[in-house]
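I opened my notebook to set down, entry by entry, what I looked up in this structure and what I found there.

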Amino acid sequence: MNLRSYGVLATAAVLALSGCSAGADGPDESAARGSVSITNCGRQTEFPTPARRMFVNDSNLISMVLALGAEDQVAAVSSIGRDEEVLAEHYGDAVAGLNQVSDDYPSLETVVAARPDVMVAGWSYGYDETKQLTPDSLAERDVAAYVLTESCRQAGSSARGIVEPWTALREDLTNLGAITGHEDRATQVVADVDQRLAALAEAPQAQEPPVVFVFDSGEKAVYTSGAYGAPQAIIESGGGVNAMAETSDTWTEVSWEKLATSQPDAFAFVDYPGQTFEQKVAVLRANPATRDLPAVKEGRFLNLPYALWTSGPLNVEAAEEVRSALEGWGLVPVS
């Protein structure tokens, strides 16, 4: 998982739409195109609307576009393979119709070759200075770059995250709705997320919420998620406490000692290639810092796909899965 950084609130403000209209089923291709001005990570950027040739990287960002019903406006995608099955379960045949041009995160050349008018990615979700694939390099080639809000870098820091995760998701869905011309659908998706979160909030809560540690992967150190990552919101909404809630970042490395000190009641695994579920369990059961933890001895492990843990509309399903697991382990009251 290449998850790391960019910064400030993303709020869409529609400017000159010059006669461009969009119905509930999608943008009107016969209407004149306009533009939308969006403040994304502190930068004011003009996007063509409706976008007609988007390049979308990573399964969580692809899930946003699919949730909006904008798959026909996608010229190419990358890094979807690990979650193709789970996305197909939620978005059906739209997934099979996507043009995947790279199994991994793309190069600048790969993106440009797809002739996009908009790229949708994030810092360490595709944008990368070492590859010279950045919003600035794309702007030089007349491609408007949208940055995942969760990945916005904090001012004067390499750490990521500038607003709480559910707010970041709502802003991305709203902004992408404006860019694609699917504003009505974006409103519906956000409302569905909020309705399901309200149901979780009404569930009976534990007097002492259980501590959940997000174990993305680990060998010499442990890759996990802090206060600004989607798991923070997912775990809290599911009735638990993120073990790394005091870490002001999204996805980051911590020591085994820090993991052990948090005394987690359960572990949440990010399921994707690199380290299998069985390998993660074996590492936790072998490491002196974790092998005697009750959560490890009793096998309190929740394994969910990458697309559910990284910022996207499937985060609310992850929160429901967390709640169900915690109830099953007797760590929160049955709802």
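**Entry 1: The cysteine pair**

I began with two cysteines, and I noted that cysteine 41 is buried and that cysteine 152 is buried as well. I kept in mind from the start that this is a predicted model. When I looked up what connects the two residues, I found a disulfide between cysteine 41 and cysteine 152, with an S to S distance of 1.9 Å. The structure holds one disulfide. I then traced where its two ends sit: cysteine 41 is in the loop between β4 (34–40) and β5, while cysteine 152 is in the loop between β11 (144–147) and α6 (165–180), so that the pair, 111 residues apart, links distant parts of the chain. For the link of cysteine 41 and cysteine 152 I also wrote down the angle about the S-S bond, which is -80°, and the handedness, which is left-handed.

**Entry 2: The chain as a whole**

Next I stepped back and looked up the whole chain, in which I found 13 helices and 18 strands. Its C-alpha trace spans about 65 × 45 × 40 Å along the principal axes. I asked myself what radius of gyration a compact globule with 335 residues would have. The value would be near 20 Å, and because the chain has 20 Å, the two agree. I noted too that 58% of the 335 residues count as buried, and that the chain exposes about 13,500 Å², of which carbon and sulfur atoms supply 47%. Finally, I looked at contacts between residues at least 6 apart in sequence, and 68% of these join residues at least 24 apart.

I turned to an open sheet of four strands, which I followed in the order β15-β12-β17-β18 and found to have parallel pairing. Its edge strands are β15 (241–242) and β18 (301–305), each of which pairs on one side only. As a reminder to myself, strands of a sheet pair through backbone hydrogen bonds, either parallel or antiparallel. Strand β17 (residues 266–271) pairs with β18 over five bridges in the parallel sense, and I found alanine 268 standing opposite leucine 302 in β18.

Which strands does helix α10 lie across? I found that α10 (residues 277–286) lies across β12 (211–215), β17 and β18, and that it runs at about 145° to β17. Helix α13 (residues 315–328) lies across β12 and β18, and its angle to β18 is about 165°.

**Entry 3: Backbone details**

Before this entry I reminded myself that most residues other than glycine have a negative phi, and that most peptide bonds are trans. With that in mind I looked up the bond between threonine 49 and proline 50, which is a cis peptide bond with omega about 0°. Proline 50 lies in the loop between β5 (43–49) and β6 (54–57).

I then checked two residues with positive phi. Serine 124 has a phi near 70°, and its place is the loop between β9 (118–123) and β10 (126–127). Is serine 124 buried or exposed? Its relative accessibility is 19%, so serine 124 counts as buried, since the cut-off for buried is under 20%. Glutamine 263 has a phi near 50° and is found in the loop between α9 (256–261) and β17. Because its relative accessible area is 47%, I recorded glutamine 263 as partly exposed.

Definitions and conventions: Residues are numbered from 1 along each chain as its sequence is written. This is a predicted model: local features need pLDDT of at least 70, side-chain atom pairs count only at pLDDT 80 or more; totals for chains, interfaces and linings use all residues. Side-chain values use heavy atoms; hydrogens and water are left out. Two strands pair if DSSP finds at least two bridges between them. Contact means heavy atoms within 4.5 Å. Axes are lines fitted to C-alpha atoms, for helices over the stretch in contact, and angles run from 0 to 180 degrees between N-to-C directions. Buried means under 20% relative accessible area, exposed over 50%, partly exposed in between (1.4 Å probe, protein chains only). The radius of gyration is taken over C-alpha atoms; the globule rule is 2.2 Å times the number of residues to the power 0.38. Accessible areas come from the Shrake-Rupley method with a 1.4 Å probe; for residues, only the protein chains shown count as cover. A disulfide is a pair of cysteine sulfur atoms within 2.5 Å.
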